[in-house]
Amino acid sequence: MAFTMPASHAYISGMVSRKKPSKPADHRWQISLIKATPAKYLGSVYAPDEAAAIEAAAREFKVPDQLPNRLVARREA
């Protein structure tokens, strides 16, 4: 005897499974160093949030240990 699925369950089993949640998308951040007026534009980095962008910029642009609190990140559209 073959097992047959009720019609109500046939619809659910035919649906596509959901995608697994992925990591947050990396955004492009413009990094500036505030030392004087105007601020010095250093470049862009990709990171998921502002704190990670500032941390990545400090490493990438070799900002001295005394100045990381002077970095500003602005997310590009």
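Trainee: In β2, which residue is the bridge partner of W29?

Mentor: That partner is V45. Do keep in mind that this is a predicted model, where local features need pLDDT of at least 70, side-chain atom pairs count only at pLDDT 80 or more, and totals for chains, interfaces and linings use all residues. Residues are numbered from 1 along each chain as its sequence is written, and side-chain values use heavy atoms, leaving out hydrogens and water.

Trainee: How many bridges join β1 to β2?

Mentor: Strands count as paired if DSSP finds at least two bridges between them. Here seven bridges join β1 to β2, and the two run antiparallel. They form a hairpin with six residues between them.

Trainee: What order do the elements follow from the N terminus on?

Mentor: Helices (H or I, at least four residues) and strands (E, at least two) are DSSP runs, numbered from the N terminus. The order in the protein chain is α-β-β-α-β.

Trainee: Which residues make up the largest nonpolar core?

Mentor: In soluble globular proteins, nonpolar side chains tend to be buried together. A nonpolar core is a set of buried Ala, Val, Leu, Ile, Met, Phe, Trp, Tyr and Cys residues joined through side-chain atoms within 4.5 Å; buried means under 20% relative accessible area with a 1.4 Å probe, protein chains only. The largest core has eleven residues, including W29, I31, L33 and V45. β1 (27-33), β2 (40-47), α2 (50-60) and β3 (71-75) each supply at least two of its residues.

Trainee: What does L33 touch, not counting residues up to four places away in sequence?

Mentor: With contact meaning heavy atoms within 4.5 Å, L33 touches A39, K40, L42, L67, R70 and L71.

Conventions. Buried < 20%, exposed > 50% of the residue type's maximum accessible area, 1.4 Å probe, protein only.
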